[in-house]
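Please find below a short note for a colleague who is meeting this structure for the opening time. The points are numbered and may be read beside the sequence and the model.

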Amino acid sequence: SSQSFSRLLIEVNLDPRPNQTAYTPPFHNTNVKQTLIYSQATTMSSAEAFPPSMGRGSEHANDTNKTANGKIDSKPNDKHHAEPNSKHAASESHGKSHTSEPNSSSKSSTSGSKTAPSSSSSSLGSRNPQDLIQRGVYKSNLLGTATFIGLRALDPLLQYKLLAGDWGTRLLSKLNISSIPLYDYVLETTTAEGTKASIIRHLPLPRLLLLLMSAGSSLKQIYWLLSLSREELTPAAAVEVSLFNTVVNTMGSLLLLSTSTSAALSTPRITIPFTFDSATGTYMSLPLPIALGTVMYVTGMAIETLTERTRKKFKDDEANEGKICREGLWNKARHINYGGYTLWRAGYAMAAGGWIPALGVAAFHIWHFVSRSTVYMSEYMQSRYGEQWERYKKEVPYSLFPGLY
């Protein structure tokens, strides 16, 4: 017949066991014939999980998939904790307080930036040898910059392979941990000339959000290095910071994929406005931890980025030479960028694994900042600004979170 029609075949990765309940795709079109085809998953280890609802953008799995050893430890490795926001880190502005760049805005440390004298005199403040930040060393390090940008740019690609590919499920399978399967949709279009088939990979909304968080953190940190920081980033520090971020993000991806820990399987669910699908008659929805984690991530990232830009603008003004930045949120907390970083890191963990990983990540970073980062910064600021720093601490008593701590 010269008349063309489309037939949608959905390939569902289910274990071919008896009494399987047929799954009807949550959409309907009178011009499209829908046929369910069963096929054994070749890359998914959780064969008993229910297919995700395309109309709701969720992932569902059978509780019987959970294993005794299915829990993934999400606590960051302290040895590798060199996140750019951390003092222990050597790359992100979190590693330095809002005034860690005396008489300057944080200009790019890449090639082409101006090289300032790297003096260790008291006028620039003294640097704690345990602090990886090269405080007062204003010069570019091309190798360190290139290393950091390259490694951070690779992280979203790795997370994509874990979340949208089969790397994550294969890794969990080797660890005998069940995972939530991913489904491919095969679309066949038949015309007079013949039949053409195309595979559509459906990435559920929880995985898509976590992937965007990974990309957002990489872009933010690269932006920090190129536009907001002028202190030297050594190659060793670049590797340490990048590895820490990749390890933490990878653990988050695995938490989301595992049926034992995934926030995608938690309840209750929050309906997302303006997402009504007339074909299915439903709204998209997200589990509460993922919705809240996303809000925490966006809020924390905004606080961190905006405060660092405020500091840069303040330091760029020659009239502010020798002064501590107290503009905006810097007048609410002395290390407000650390607070913003802690908030978005906890949100990332919550969107991946729920409440417990979020609390663990938040507690770890608060401990790290309180016991190391703020200590190093206070020493530096005291030697750099003296009485001005003491007065600032008295007038701004909060360290990380205004009104809380």
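1. The buried residues of helix H1 pack against helix H2 (167-174), H3 and helix H4 (235-257). Here contact means heavy atoms within 4.5 Å, and buried means under 20% relative accessible area, with exposed over 50% and partly exposed in between (1.4 Å probe, protein chains only). Helices (H or I, at least four residues) and strands (E, at least two) are DSSP runs, numbered from the N terminus.

2. The model is predicted: local features need pLDDT of at least 70, side-chain atom pairs count only at pLDDT 80 or more, and totals for chains, interfaces and linings use all residues. Residues are numbered from 1 along each chain as its sequence is written, and side-chain values use heavy atoms, with hydrogens and water left out.

3. H1 covers residues 142-163 and has 22 residues. From first C-alpha to last, H1 reaches 33 Å, close to the 32 Å expected at 1.5 Å a residue; the expected span is 1.5 Å times one less than the number of residues. Among the buried residues of H1 are Asp 155, Pro 156 and Gln 159.

4. Leaving aside neighbours within four places in sequence, Ser 214 is in contact with Asp 155, Pro 156, Gln 159, Asn 249 and Tyr 348. Ser 214 counts as buried because its relative accessibility is 0%.

5. For the protein as a whole, the secondary structure comes to eight helices and six strands. Of its 405 residues, 52% count as buried.

6. Helix H7 (residues 355-385) and helix H8 (residues 387-395) pack at an angle of about 125°, with axes 6 Å apart. Axes are lines fitted to C-alpha atoms, for helices over the stretch in contact, and angles run from 0 to 180 degrees between N-to-C directions. H7 is therefore oblique to H8; angles under 35 degrees count as roughly parallel, over 145 as roughly antiparallel, 65 to 115 as roughly perpendicular and the rest as oblique. On the H7 side, Ser 378, Met 381, Gln 382 and Tyr 385 meet Glu 387, Gln 388, Trp 389, Glu 390 and Lys 393 of H8.

7. Two loop residues deserve a look. Pro 268, in the loop between H4 and strand S5 (269-271), is joined to Thr 267 by a cis peptide bond with omega about 0°. Asn 176 lies in the loop between H2 and strand S3 (184-191), and its phi is near 60°, a positive value in a residue other than glycine.
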